[in-house]
Amino acid sequence: MSKKKLNIESILIHTGGYPEKETGAIIAPIYQTSTYVQESPGKHKGYEYTRCHNPNRTRLEECLTELEGGKYAMVTSSGMSAISLIIQALPKGSTILCGDDTYGGTFRLFTNVYQNLHKFIFVDTTNSEKVASLLKKHKPELLWLETPTNPLLKITDIQKISSLAKKTRTLTVVDNTFMGPYFQRPLTLGADIVVHSMTKFINGHSDVVAGCIILKDKSFYDKLWYLHKCIGPNLSPFDAWLVQRGLKTLAVRMRAHQENAFYLAEYLSNHPKVERVIYPGLSGHPEHKIAKKQMSGFGGMITFFLKGGLEQSKKLLESMEVFFLAESLGGVESLIDHPAIMTHAAVPLTERLKLGITDNLIRLSVGIENKDDLKDDLKQALIKAFK
Ligand SMILES: *Cc1c(COP(=O)(O)O)cnc(C)c1O
């Protein structure tokens, strides 16, 4: 649409965000329609049926393509349906090498739903020698990365790992939900496919469940599109409209999330009742250097360990007044989560303990409220937790 190449803050607002032609309405209407009238059989304006195409989705896809530096984007009804489409697009009997610290729902999908269709091998993707040797041995079709991971915020070097994968013609997928396209753009670092749960930072207002896939390769995109048309995991016009509205403020939101998260990470690091804080922006984070190289910011997620057990964790969670106790992340409101009981309950206990998801581990999705209100909330709840 634009002649000049825009910067990210402007892309968010203008790419796909052009006025509607008929009336000049600056904001696109919600095209709440199932079908489109044709001039003569087969002669139409590119829209036939909303399971296949809808202008609200088209606009959002234009913006996402540009944001991630891809050629194609596809929005879907949830992050899980986006992930599912990618897995279904592979030939039967494929091998997928997958990070061992992925989102609980992804782990469940791979091990309980698709385990008979493909072979899944799990590995710590921060260990590049291990990844290299498994790539060589299995020549997998797909390498599935999440960086930073959830909830331990481990960081994988996307450039290094995706270049290893290229040697065995393995496609690299990055689930970029935790950073979002404002702070991290995996396609520009060598990844082949990016997937997001747009439920999180991209929409940012905790009122939509949605997903997307962004990529450069036309033939893989065609496969995904065909599957989307056949299976029907389509995002509703209203939800696409809401996500596009939310996306406009991504840059200002991400900067605010990060400022608050940094502030709280430092506060917690110095708190006597806190054993350890994980935040990629802290110089003590094991992969802080990689984070600095591949991300333009450190995001809004913090994980910390209490000097206590389940009892203190529960008391802390119940005492929060500004933070809401809820699953999910990436919204403007701050959320607190207990992964062992809540988000990661689907991960078997032995696996969870192996990963380090213990009963004193707490995850924060830091919102964009006033940072001192958030700090004071943690302060009072930490006192109550240890009374
Ligand atoms: C939430 C989440 C998903 C799943 O997305 P839904 O929109 O809930 O279906 C996938 N990956 C990550 C990293 C997530 O946080």
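A salt bridge here is a side-chain nitrogen of Lys or Arg within 4 Å of a carboxyl oxygen of Asp or Glu. By that rule the side chains of Arg255 and Glu9 form a salt bridge, with N and O 3.2 Å apart. The structure is a predicted model, in which local features need pLDDT of at least 70 and side-chain atom pairs count only at pLDDT 80 or more, while totals for chains, interfaces and linings use all residues. Residues are numbered from 1 along each chain as its sequence is written, and side-chain values use heavy atoms, with hydrogens and water left out.

The protein chain is split into domain 1 (8-247) and domain 2 (251-385), with bounds that come from an automatic or database domain assignment. Between the C-alpha centres of domain 1 and domain 2 the distance is 26 Å. Contact (heavy atoms within 4.5 Å) involves 36 residues from domain 1 and 42 residues from domain 2.

The size of an interface is often given as the accessible area lost when the parts come together. Buried area is taken as the accessible area (1.4 Å probe) that two parts lose on being put together, summed over both. For domain 1 and domain 2 this area is about 3200 Å², and carbon and sulfur atoms give 63% of it. On the side of domain 1, Ile155, Phe183 and Phe201 lose the most area to domain 2, together 24% of what that side buries.

Polar links also cross the interface. The rule finds two salt bridges between domain 1 and domain 2. It also finds 17 residue pairs in polar contact across this interface, both residues at pLDDT 80 or more. A polar contact is a pair of N or O atoms within 3.5 Å; within protein, one must be able to donate a hydrogen and the other to accept it, and residues adjacent in sequence count only if both atoms are side-chain atoms.

Helices (H or I, at least four residues) and strands (E, at least two) are DSSP runs, numbered from the N terminus. Among the elements that give two or more residues to the side of domain 1 that touches domain 2 are helix H1 (8-14), helix H4 (104-113) and helix H6 (158-167). H4 gives the most to that side, with three residues.

The ligand is surrounded by 15 residues, the closest being Met80, Asp175, Ser197, Thr199 and Lys200; a residue is near a molecule if one of its heavy atoms lies within 4 Å of it. A polar backbone atom of Met80 is 2.9 Å from an oxygen atom of the ligand. Asp175 places a polar side-chain atom 2.7 Å from a nitrogen atom of the ligand. In the side chain of Ser197, an N or O atom is 2.8 Å from an oxygen atom of the ligand.

Most residues other than glycine have a negative phi, and most peptide bonds are trans. The peptide bond from Thr147 to Pro148 is cis, with omega near -5°, and Pro148 sits in the loop between strand E4 (142-146) and H6. Asn150 and Pro151 are also joined by a cis peptide bond, with omega about 5°; Pro151 is in the loop between E4 and H6. Ser206, which is not a glycine, has a positive phi of about 50°, and is placed in the loop between strand E6 (193-197) and strand E7 (211-215).
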